Amino acid sequence: MTEPLLSVEGLHTHFFVDAGVVKAVDGVGFNIRRGEVVGLVGESGCGKSVTSLSIAGLIEPPGRIVEGSVRFDGTELVGASERVLNSVRGPRIAMIFQQPRASLDPVMSVGRQIGQALKAGTGMDRPARRRRAVELLDRVGISDPERRVREYPHQLSGGMAQRVMIAIALAGEPDLLIADEPTTALDVTVQAQILELLRELQSANGMAVILISHDLGVIAEIADRAAVMYAGRIVEECAVSELYDAPLHPYTLGLMESRPAASQSKSRLRVIPGSVPVPLDLPVGCSFAPRCAPRVESGLTACTEQAPDPVSPRDGHHVRCWLHG
Amino acid sequence: MGSATASGATATAGPALLEVTDLVKHYRVRSGGSMARSGPLRAVDGVSFRVAAGETLGLVGESGGGKTTVGLSVLRLIQPSGGSVTFEGRDVLAAGRTEMKALRQRMQIVFQDPIGALDPRKSVGDSVAEGLRIQGLAFRSQSRQRAVEVLDRVGLTAAQARSLPHELSGGQLQRVGIARALALDPRLVVCDEPVSALDVSIQAQIINLLLDLQAERGLAYLFIAHDLALVRHISDRVAVMYLGRIVESAPAGELFDNPAHPYTRALLSAVPTDHPAAARQRIVLRGEIPSATAPQRGCPFAPRCPDAMAKCSEETPEFKEVAPGRWAACFLND
């Protein structure tokens, strides 16, 4: 098997705040092959965004990667110099976020912002950059790109601003695109357009994608594999279809069952009791144990004593749960 | 379009608790600069519907469709430009100060962001109690007791009742928002995106609470949300809004299984899949919802409609009954 494009191992990213240490990412590991789409799913505070910021080397104090490795195409990024990081971030690993307009410079035209991304990666002169910017806008489905290239972010709708962000991300022809809740702020119809665009660009360019979302449906739309995060860890990872058909972790199962589509109309929904633990005060043992009904039924004591290590009950299906190992 | 009568628009069995007829809300937009050709912004442009006691009417559509404006108009939290709102037989838009205060007890609202409706320096119990005192429903000591009771009903402990808003989680705050509405013992609650800011596992808890309260007290809900799966689950009937108008309304199951308007079809097909293997025929709509200030001629959906005919950009389709209990504004149903 060829070496993965990205390999994350034993990643721990902690935030040192007055009240204590927030272990936002607490032992995350996964691999991504070239051209693969991996969904990172979980509720707010589970560490999915901090994981992606750690990969891109964008963690700032009071946060710090305290342990672990992020290898991208053979280069170790944890502890790498700014020069190395800058040669990777942007041209080879690009990111798009939930709030595209907040990520765009309000006083710079769309064309110049794409041009800057091109300038960083290529030796193109100004007219060539302008031509390429128009091409990229056309590529991401913006009509009348000759006109739009001169416009400013406030003149764009939310969906168009996200297309511009994608055009900027594509400027360097990246090997990996990290998309952090790229459609969460958009209407469902525009969400469908953006997902369609990402899927199409991904298969045309052979780019790998990490798609971060709280919405399992969005992950199911375009991801090959999914990793479910809870309290700073990946609790389950497998092919998306297997996640739907045969989830193993009680948390994944709970998320699946609490979807309205899973119950009769107007009937009570299945719920996961309680709420996500406070990151400063994580329970001993498995973080999900206090909310886990199968644990109570099974009478397992290990769950509240020791955190489970990942096991693989099936080929390519990893789960952190005492019920399975 | 306005020719559809409210009584027909969304007929229900019982007498209407709430009846909205030809509701209009226009905003004057300052013209100038690049917006020079703007007319008034037609946020709501002739909307009619009924809600029976104990019933849930879901209101869906893209942002900018006018859903929230309808919700606020029903409670007269904003003053509509035209039309009528009748609640329990009384004319809401003509009510004087005293009558309005009485009406507000009977019709309440739950917002997406409950913290915006709470005083940051007051315990949430005090905030709930305050509502009771303002409405003259209880004196100070009684109001505290009632607040604790109602917070207990929504699943918050007496200790949590003494908390300040910032000490509670999003799900707990939404329980407070529901308790505030519930304390006055309303008949109708407008729920404006009540769970969209919450995590998935917490959403289900709040939806169950709303369902339980409805079964217990016979509450009616006007449930505004963009999450279609959720709306299908909680609603008896659903109305779909586009650019300030209702383009389709039907019993929830029928609307979702067999939509009669191309906009409803496109909206439903855009919902992310239930299963990765479910291959779907997606109708990808061109562009986004246009500005409601653009001059209108013909069907407002025609510019984005995959099935538009020549007629659609010339004439406005009437909102009419296309099958028993099912209403739509589209020439394709002629």
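Q: In this predicted model, in which sense do strands β11 and β12 of chain A pair?
A: Take β11 as residues 311-314 and β12 as residues 317-319, both in chain A. The two are joined by 2 bridges, and Val311(A) sits opposite Val319(A) in β12(A). The sense of the pairing is antiparallel.

Q: Which residue in the turn of the hairpin formed by β11(A) and β12(A) has a positive phi?
A: The hairpin leaves 2 residues between its strands. In that turn, a positive phi of about 75° turns up. The residue is Gly316(A).

Q: Over in chain B, which strands are the edge strands of the open sheet?
A: The sheet has 8 strands with mixed pairing, running β6-β7-β8-β3-β9-β10-β12-β11 in chain B. An edge strand here pairs on one side only. That picks out β6 (107-110) and β11 (320-323) of chain B.

Q: Which residue in β9(B) is the bridge partner of Leu59(B)?
A: Start with the strands: β3 covers residues 56-60 and β9 covers residues 237-242, both in chain B. They pair in the parallel sense over 4 bridges. For Leu59(B), the partner in β9(B) is Ala239(B).

Q: What angle does the direction of helix α7 of chain B make with that of β6(B)?
A: Helix α7 spans residues 170-182 of chain B and packs on the sheet. There it touches β6 and β7 (188-192) of chain B. Its direction and that of β6(B) make an angle of about 175°.

Q: Which element gives the most to the side of chain B that touches chain A?
A: The contact takes 35 residues from chain B and 35 residues from chain A. On the chain B side, the elements giving two or more residues are α8 (200-217), α9 (228-234), α10 (252-257) and α11 (262-270). By class, that side has 18 nonpolar, 11 polar and 6 charged residues. The top contributor, with 8 residues, is α8(B).

Key: Residues numbered from 1 in each chain as written. Chains lettered and ligands numbered in written order. Predicted model: local features only at pLDDT ≥ 70, side-chain atom pairs only at ≥ 80, totals over all residues. Pairing = 2+ DSSP bridges. Contact = placed C-beta atoms within 7 Å. Axes fitted to C-alpha atoms, helices over the stretch in contact; angles between N-to-C directions. Nonpolar A, V, L, I, M, F, W, Y, C, P; charged D, E, K, R; others polar.
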